[in-house]
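Hi,

Here is the structure we talked about. Please open it first, then read my notes below.

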Amino acid sequence: MLIRTCTLTSVALTLSLVPLAPAAHSEAAAARSGPVVIGHRGAGGLAPENTLEAVDRADRAGVDWVEVDVQRTRDGVLVLMHDQDLARTTDAETVFPNRAPWKVGDFTAAELGRLRAGTSAEWRGSGYESARIPTLGQLLDRLDRNNQGLVLEVKWPGNFPGVTRDILNVLDRKGWLDAHHVNDRLYMISFLAAALKDVRAQRPDIKLGICDEQPTAAKLESYAKFADVINPVHRSTTANLVNRAHALRGPHGTPLKVWPYTVNTTGEALRLSGLGVDGFTSDVPDRMRSALGQG
């Protein structure tokens, strides 16, 4: 989501130091200075979530890894969106008043292109009202421009059969399945283990993260068979969880990493850092990096 100084990486970390690979270099630096702070939905507290504007705000704040959510349109285009419907984060109800319940998969990419992603009361008057829903391809281009790493969440995969194949196709077309990106700049995560196992069957070299609010010891052992990272909710992250995870090795031979979500207070950032987590996501990654003395 590190690239200068990580969504989701080998966060804190075990990636090798490779010349001309800023992500690996910055991850090594993060390992010395505490957990990697990953911009949640780009940087959803600094600009409208899952937009290029949010990714750019994270970049300007020195945040080198970002996490975003991907879904598929009716005509097969991969776009960034968290919710199953468009109502909360766009003006879909106004633009398409007769299309309730405004499910992402019920709209074409061209129709989504008519929507604005910064129209909620939160962003009114912010200058971001014209933000749009980006495609995955547009995101990848922007990340390459910014030299940022990506933690890509496969969102609601049950709604989109074959979506992992589609994602891998776009990643490949954009050059994100080469050794540099796969080793240093890419993670894929999901709440659905089956989606991750599907990715692993197609591309075993890609590092994966499983989202689970409160994983048990038995689940950790199961997850370590296919995942490199465990993503618990921050409130359930304890020293015992971190220690149990670190005692296990994932499919790429490194200790299972712990990246809690979503950390937005200084106190919680410091608590988790003290527990030895490898990274965490935040809507306000600039504040969390500052609290940890990273920027």
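Start with the buried face of H5: Leu136, Gly137, Leu139, Leu140, Arg142, Leu143 and Asn146 are buried in this helix. Bear in mind that this is a predicted model. Several elements cover those buried residues of H5, among them helix H2 (52-60), strand E2 (65-72) and E3. Strand E4 (149-154) and H6 are also part of that cover.

The spacing is worth a look. An α-helix has 3.6 residues a turn, so residues three or four places apart point the same way.

Next, the pairing of H5 with H6. H5 spans residues 136-146 and H6 spans residues 163-173. Their axes come within 10 Å and cross at roughly 40°. The crossing of H5 past H6 is right-handed.

Which residues meet there? From H5 come Leu136, Gly137 and Leu140; from H6 come Ile167, Val170 and Leu171. This contact of H5 with H6 has 5 nonpolar residues, 1 polar and no charged.

One more site: threonine 89. It lies in the loop between strand E3 (78-80) and helix H3 (92-95). Is threonine 89 buried or exposed? Its relative accessible area is 9%, under the 20% cut-off, so threonine 89 is buried. Beyond its neighbours within four places in sequence, threonine 89 is in contact with Glu49, Met81, Arg116, Ala117 and Gly118.

Best wishes

Technical notes:
Residues numbered from 1 in each chain as written. Predicted model: local features only at pLDDT ≥ 70, side-chain atom pairs only at ≥ 80, totals over all residues. Heavy atoms only, no water. Helix = DSSP H or I, 4+ residues; strand = E, 2+ residues; numbered from the N terminus. Buried < 20%, exposed > 50% of the residue type's maximum accessible area, 1.4 Å probe, protein only. Contact = heavy atoms within 4.5 Å. Axes fitted to C-alpha atoms, helices over the stretch in contact; angles between N-to-C directions. Left-handed = near helix turned anticlockwise from the far one by under 90°. Nonpolar A, V, L, I, M, F, W, Y, C, P; charged D, E, K, R; others polar.
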